[in-house]
Amino acid sequence: MVKTIHSVHSHFGWDNSFTPVERVAPGTTLEFECHDSSNGHFTKDSVVADVTSMPFDRINPVSGPVFVEGAMPGDVLKVTIDSFKP
């Protein structure tokens with residue numbers, strides 16, 4: 001079973017106080033639906049002038065967080081990206 005982390009599950013910064021959007025066992029396959037670094041502000045029809053209306057306090061959304069069962073602070077987690085679709 002593949003679990004999906006949707007783009008609505010994002011934050012603007014890293015903070016360990018955020019509630020995990022998913023709890024998974026090691027080896028679980030996840031699918032992330034992420035926004036681009038503009039958080040969807042720019043489209044294929046955007047022009048250079050659209051940069052002036054970019055809300056710079058809403059850039060680089062971070063998806064998650066995901067709680068990995070058994071992981072402890074300081075542990076290193078191996079992540080394998082099976083595919084990527086822009």
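With which residue does Glu69 form a salt bridge, and how far apart are the closest N and O atoms?

Reply: The model is a predicted one, in which local features need pLDDT of at least 70 and side-chain atom pairs count only at pLDDT 80 or more, whereas totals for chains, interfaces and linings use all residues. Residues are numbered from 1 along each chain as its sequence is written, and side-chain values use heavy atoms, with hydrogens and water left out.

Glu69 pairs with Arg23, and the closest N and O atoms are 3.3 Å apart. A salt bridge here is a side-chain nitrogen of Lys or Arg within 4 Å of a carboxyl oxygen of Asp or Glu. The two partners belong to distant parts of the chain, 46 residues apart: Arg23 is in strand S3 (residues 22-24), and Glu69 is in the segment after strand S6 (66-68). Strands are DSSP runs of E with at least two residues, numbered from the N terminus. Glu69 is partly exposed, with a relative accessible area of 36%, and Arg23 is also partly exposed, at 46%. Buried stands for under 20% relative accessible area, exposed for over 50%, and partly exposed for the range in between (1.4 Å probe, protein chains only).

The count of salt bridges is two. Lys44 and Asp45 also meet in one, at 3.7 Å from N to O; both of these residues are exposed.

A pocket is an open set of points on a 1 Å grid over the protein atoms alone, where a 1.4 Å probe fits, with protein on both sides within 12 Å along at least five of seven lines; its lining residues have an atom within 4 Å of a point. S6 is among the elements that give two or more residues to the lining of the largest pocket, together with S4 (29-32) and S5 (62-63). S4 supplies the largest share, four residues. The lining comprises 36 residues, with Leu30, Glu31, Phe32, Val66 and Val79 nearest the centre. The volume of this pocket is about 1,600 Å³, a volume being the space filled by probe spheres set on the points, which are joined across faces, edges and corners.

Val66 also lines the second largest pocket, along with Phe67, Val68, Ala71, Met72, Pro73, Gly74, Asp75 and Leu77. This second pocket holds about 170 Å³ of space.
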